[in-house]
Amino acid sequence: MQTPLSQLPIRRLTMDDLVACADLSEDRGWPREEHKWGLLLAAGTGYGIDDPDGKGLVTACVLTRYGTGLAAIGMVLVAERHARQGVGRRLMKHVLSETGSLPVTLHATPYGRPLYEELGFATTGRAEMVRGRFIPSGPQPGVRTRPATAEDLSAMLRLDNEVFGLDRTHMITRLPAFADQLRVAEEEGVLTGYAAAWPNMDTHVVGPLIARDTETAKALIASLAEGTDRPLRTDIDVRHEELLAWVKERGLASIAFNAMMTFGAEGLPGDWTRRFAPLTVAAG
């Protein structure tokens, strides 16, 4: 007799589960995104339920912790054959119990938002996903950028901590190996922004994008676009209206909107005015 879904054990995932996680993404019509899954499973904690029939995973998600200040939940997926049976809710409740009193954030699709609201998450903002081939036009941003070097890492970490509001060392130090491009902007020897472009299927995702102002963000995006022949994709906080208008004028089109939601906190720490795009919405 088969064990009911409600009684199947939830376990922690490891890097050995990377292909199973990618299979689960594909099952739900998402890209496989093995490169991103690899980062999340290495820097965060994956949770999942094995299919008793040996058909991979019933459900999975990843929790990324930022010290004692915040955790982010992402990649919440349920296999199509087990959808609408409460297994996603059960997994989310388990992960929230693992975080204790730690505030939690996530980016929700319109499909997942009702479940998160039922669990107590509140919408605190929106991010717009844009994608397309970047076509330079009009006046070029007046901010100079350059490739990041190993000597820039400590300054990047200081800037990121200030803007994100929490220590992301375990994520940012992985960027040189994870990203195909990593660039910085500086003025008079002071770092004013940085951005990465990392491979995701047939695109390059721009993120994180941390910048002193919109002109600096534009310059970083333009410089990353010069270094790739792939379409760009990124998720920009909708409050950055000028940057969104600028990228759309240069070939990127709106694909979707995600709700930025929090649990146990009224909003995110840090300085949103300098936080233009996340490394990935799955990691907050």
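Q: How many residues does helix α8 have, and how far does α8 reach from its first C-alpha to its last?

A: This is a predicted model. Helix α8 covers residues 214–226, which is 13 residues. From first C-alpha to last, α8 reaches 18 Å, close to the 18 Å expected at 1.5 Å a residue.

Q: Is α8 mostly covered or mostly exposed, and which of its residues are buried?

A: α8 is mostly covered, with 11 of its 13 residues buried. Among them are T214, T216, A217 and K218. The run from A219 through L220, I221, A222, S223 and L224 to A225 is buried too.

Q: What about helix α3: how far does α3 reach, and which residues of α3 are buried?

A: Start with the general idea. An α-helix has 3.6 residues a turn, so residues three or four places apart point the same way. Helix α3 (residues 87–99) has 13 residues and reaches 19 Å, close to the 18 Å expected. Its buried residues are V87, G88, L91, M92, V95, L96 and T99.

Q: What follows α3?

A: G100 does, and its phi is positive, near 65 degrees.

Q: How do helices α1 and α2 cross?

A: Read the distance and the angle together. The axes of α1 (residues 18–27) and α2 (residues 34–43) come within 9 Å and cross at roughly 130 degrees. The two helices are therefore oblique to each other. The crossing of α1 past α2 is right-handed.

Q: Which residues make the contact?

A: From α1 come L18, C21, A22 and S25. From α2 come E34, W37, G38 and L41. By type, five residues of this contact are nonpolar, two are polar and one is charged.

Notes: Residues numbered from 1 in each chain as written. Predicted model: local features only at pLDDT ≥ 70, side-chain atom pairs only at ≥ 80, totals over all residues. Heavy atoms only, no water. Axes fitted to C-alpha atoms, helices over the stretch in contact; angles between N-to-C directions. Helix = DSSP H or I, 4+ residues; strand = E, 2+ residues; numbered from the N terminus. Parallel < 35°, antiparallel > 145°, perpendicular 65-115°, else oblique. Left-handed = near helix turned anticlockwise from the far one by under 90°. Contact = heavy atoms within 4.5 Å. Nonpolar A, V, L, I, M, F, W, Y, C, P; charged D, E, K, R; others polar. Expected span 1.5 Å × (residues − 1). Buried < 20%, exposed > 50% of the residue type's maximum accessible area, 1.4 Å probe, protein only.
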